[in-house]
Amino acid sequence: MSMFSVKPMKPTFKCYLPPVQTDVKKAIEPIKKLEPKLLLGEIVVNEVNFVRKCISTDSSQDDLWGKLICTNFKVSFIPQDAPAKQRSQLSHFLLGEHDIPLTCLDQVVTVNDTKGKRKVLGSNQKLKFNPTELILYCKDLRIIRFCFGEAGPESAKKVCLAIAHYSHPADLHLLFGFEYQGRRYHEYKAKRVNGSTPRGGLQTPIFDRPSDWDREIKRTGASEWRVCSVNEGYAISPSLPEYIVVPASLADQDLKQYSSFFPDNRIPLWCWNHPSGSALIRMASITDPLHQRKIDQRVFTAITKSHPHRSEVIRLDLDKCLPNIQDIQSAFFKIRQICVMDPFEESEERWLSSIENSRWLEYVRAFLKHSAEVVYHLDGKNTSVVLAEEEDRDLNCIVSSLVQLMLDPHYRSLIGFQSLVQKEWVMAGHRFLDRCNHLKKSDKEESPLFTLFLDCVWQMMNQYPAAFEFTEAYLTVLTDSMWIPLFSTFLFNSPKQRNQHLADFAKNKAIPQGEEQSVYFPPVWDWSQQFSFKDQTLFNNPMYVGKGAACVQNGEVKTFRRTKKTYSSTLRGAPASMRNGLKSGEETLPRRGSLVSELKPDFSPVKDVVESPSERFFRDWFSRPIDQQGLLIPLLTPSHMALWKLFFLRWVPEACIPKGGSITAYHKLCQLVDEIEILQIQLRQYKGPSPGSTPLPSPSESRSDQRRMYFKASFPDDPSTPPDFLTSSFPFTPVGNLCRRNVHGTPISKFLNGAKIWLSTETLANDTV
């Protein structure tokens, strides 16, 4: 037996890992206990432990260790030692700091450094190597990188394949929103008093019922137009709303007859009426020239009859003068590459030239310029305008929205702007499902038209900051909401598709018949789904001069009330000869290149050159003081077109300026407005309510968490400098976005006035696929 009795041997293994690695391995040992925060109906489909989220490419010192999880809704990273939540971020109810919705993923790239391999993963694909890294390219311009050096190779491979598979849903009903909203409806049904509240308490009109259109007709004074139910049940066109506004002189039977000549049976759609009587209409283009002349004559004659002065009608074909969806997609790809992916090795002037060469700002300018031309016809010439596009579902959405934004101050309020998007994009049949490519089916159909529109809106906000009730943070959050598949706004291609899917959804989820769609599958406009009241105040512009703006006059607080709006058309072009109630667009368009020179402050006409009517119109407008609640025309010289930094550069660490950027001014203005509101409350309480004045607020209304401004008034002993958490990326943070090296000794001249930002970026070696 002695030959089998062996003494325990001393360990011969010696660890050659650096102490820091040993500590990390030990520290992450309990990570298996970490659990994700899941929404109703959300399940974990795969996960892997001991994952490192890369924060910096210079070193791994700031990297986070934790668990990487794929659910049926998102990619989630749970750090082992969660850092204190930064105040510089919005507290999102649906997403955590390290969460990415699957619909937000643009590319899923796996890398094996040791073998020098990389692969872009799609649905149901095989991966022949064990990944050492995972890089997620996101549609909101983030780039996130995870390393699997300490993770099990098979587990890492499985989670990568799961992410790729679930980010490519085979059908629309597989998007997580259809599971979540069904659970949410029944979960909270018992909490609602007497069932559901009307429209779910939503203030923004959905334009899915005649009453919404009736209110719009009355608001704009379109007395010669009527709400038509000829498309009820989508009997004529699946891409138009069930209720549309048409000339009062057109009978339903005529509309049914005309519809067969239009693509997808899209009969002309009324958008807006000018107080002087001119109307803005959009329609699809008829391909057959003979049919086009015949139908145009009849439709345009009806539009002419709807004008109080029987004024002329002009048709503008947007397909002939604006970039197409492929051009816009290509420009967006280039500017995204420049801003967040390419290394910066040349001078800053070269970088700015690259931005210009992407043509993105050129296209933004083109849409604003063309919209200003339409404004000239509607306001300057009192002429009704018909916007024609091949299918009336892309370019028309942008131009019609911008025209109304320039002409009507109602659409520059928060609720008004949301109603504009709902009316001119959602209910007008913009293909959000295809243009956002939620199902990853066709890259050719993908195009960031809505993002381009929001960039145009930002350009106007940047030039007229007191004219808009909302902020650029609101616009940026709105773009991000496109990639969260929980709202009905951005999920569908047409009103009929939305109605059918939501009807089937209600039936499958046992939702009572007759329940409001906005209750059981709400649109994005109910911001309480995503943010607290406190965070929603970040949408409020402290400089906004609206109908309710308060002022102090002779020691009394009064509410600014605008008089009845009058659109002064200082110029009326001489009426041209009418042919069958319509007028050719070529006869009234300005001379080539003339409008760009018109839309700027200096309108000194060149000697011996006759000034055109449109030139006089714009010169006259720019020579008068700007009415923030009247017509707004943007400046369109190249120097006035700026890069929307908060959107394009918010994830770029090198462009993030501590205590810098426009947020510093916003911080001070919020404090000032908040202090004024406190003083107003105190003054009314001191004097007592006067007849016709605003009622005194209750104690709860004057609490800090109920006030309108995000930043509250400071006390005398508070420091005057901006808080440490404020950066030019606020309310977002670039921490954790890759792949860049830290840059030291950045020339301060590069940051002067926030006008030019110096970027220094680098991608992973061989990052091309």
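# Questions on strands, loops and helices

Modeller: Start with one pair in this predicted model: the bridge partner of Leu-136 in strand S8 is Ile-144.

Biologist: What makes S7 and S8 a pair of strands?

Modeller: At least two bridges are needed for two strands to pair. S7 and S8 (residues 143-147) have five, in the antiparallel sense, so they qualify as a pair.

Biologist: Which residue takes a positive phi in the hairpin of S7 and S8?

Modeller: Leu-141 does, with phi near 80 degrees. Four residues lie between the strands of that hairpin.

Biologist: What makes strand S5 a partner of S7?

Modeller: Strand S5 (residues 105-112) joins S7 over six bridges, again in the antiparallel sense. The cut-off is at least two bridges, so S5 and S7 pair. Within this pairing, Leu-105 has Cys-138 of S7 as its bridge partner.

Biologist: Why is strand S7 called largely enclosed?

Modeller: Six of the six residues of S7 (residues 133-138) are buried, so the rest of the structure largely encloses the strand. Buried means under 20% relative accessible area.

Biologist: Which residues of S7 point one way, and which the other?

Modeller: Glu-133, Ile-135 and Tyr-137 point one way, while Leu-134, Leu-136 and Cys-138 point the other way. All of them are buried. In a regular strand, side chains alternate between the two faces of the sheet.

Biologist: Why is Asp-408 called buried?

Modeller: Its relative accessibility is 5% and the limit is under 20%, so Asp-408 counts as buried. Asp-408 sits in the loop between helix H10 (395-407) and helix H11 (414-426).

Biologist: How do you know that the side chain of Asp-408 makes a polar contact with the side chain of Arg-219?

Modeller: The distance is 2.8 Å. The limit is within 3.5 Å, so the pair passes on distance. The side chain of Asp-408 also reaches the backbone nitrogen of His-410, at 3.0 Å.

Biologist: Is Asp-63 buried or exposed?

Modeller: Asp-63 has a relative accessible area of 8%, so under the 20% limit it is buried. Asp-63 lies in the loop between strand S1 (44-53) and strand S2 (64-71).

Biologist: What does the side chain of Asp-63 reach?

Modeller: The backbone nitrogen of Ile-55, at 2.7 Å. A polar contact of 2.6 Å also joins the side chains of Asp-63 and Arg-52.

Biologist: Why is helix H9 called roughly perpendicular to helix H13?

Modeller: Helix H9 (residues 360-380) and helix H13 (residues 449-463) pack at an angle of about 75 degrees, with axes 10 Å apart. Angles of 65 to 115 degrees count as roughly perpendicular, so H9 and H13 fall in that class. By class, their contact has nine nonpolar, two polar and one charged residues. Among the residues that meet there are Trp-360 and Phe-367 in H9, and Leu-452 and Asp-455 in H13.

Biologist: What makes S11 and S13 edge strands?

Modeller: Strand S11 (269-273) and strand S13 (313-317) each pair on one side only. They belong to an open sheet of four strands in the order S11-S12-S14-S13, with mixed pairing. The twist averages 20 degrees from one strand to the next.

Biologist: How many bridges join strand S12 to strand S14?

Modeller: Five bridges join strand S12 (residues 279-284) to strand S14 (residues 384-389), and the two run parallel. In S14, Leu-387 is the bridge partner of Arg-282. H10 packs on this sheet, touching S11, S12 and S14.

Biologist: Why is Asn-124 called exposed?

Modeller: Its relative accessibility is 65% and exposed means over 50%, so Asn-124 counts as exposed. Asn-124 is in the loop between strand S6 (117-121) and S7. Its phi is positive, about 55 degrees, although Asn-124 is not a glycine.

Biologist: Is Ala-510 buried or exposed?

Modeller: Its relative accessible area is 58%, over the 50% limit, so Ala-510 is exposed. Ala-510 lies in the loop between helix H15 (495-508) and helix H16 (517-520). Phi of Ala-510 is near 55 degrees, a positive value in a residue other than glycine.

Biologist: What is omega for the peptide bond from Phe-730 to Pro-731?

Modeller: Omega is near 5 degrees, and the bond is cis. Pro-731 is in the segment after helix H21 (663-687).

Definitions and conventions
Residues numbered from 1 in each chain as written. Predicted model: local features only at pLDDT ≥ 70, side-chain atom pairs only at ≥ 80, totals over all residues. Heavy atoms only, no water. Buried < 20%, exposed > 50% of the residue type's maximum accessible area, 1.4 Å probe, protein only. Polar contact = N/O pair within 3.5 Å; in protein donor to acceptor, adjacent residues only side chain to side chain. Axes fitted to C-alpha atoms, helices over the stretch in contact; angles between N-to-C directions. Parallel < 35°, antiparallel > 145°, perpendicular 65-115°, else oblique. Contact = heavy atoms within 4.5 Å. Nonpolar A, V, L, I, M, F, W, Y, C, P; charged D, E, K, R; others polar.
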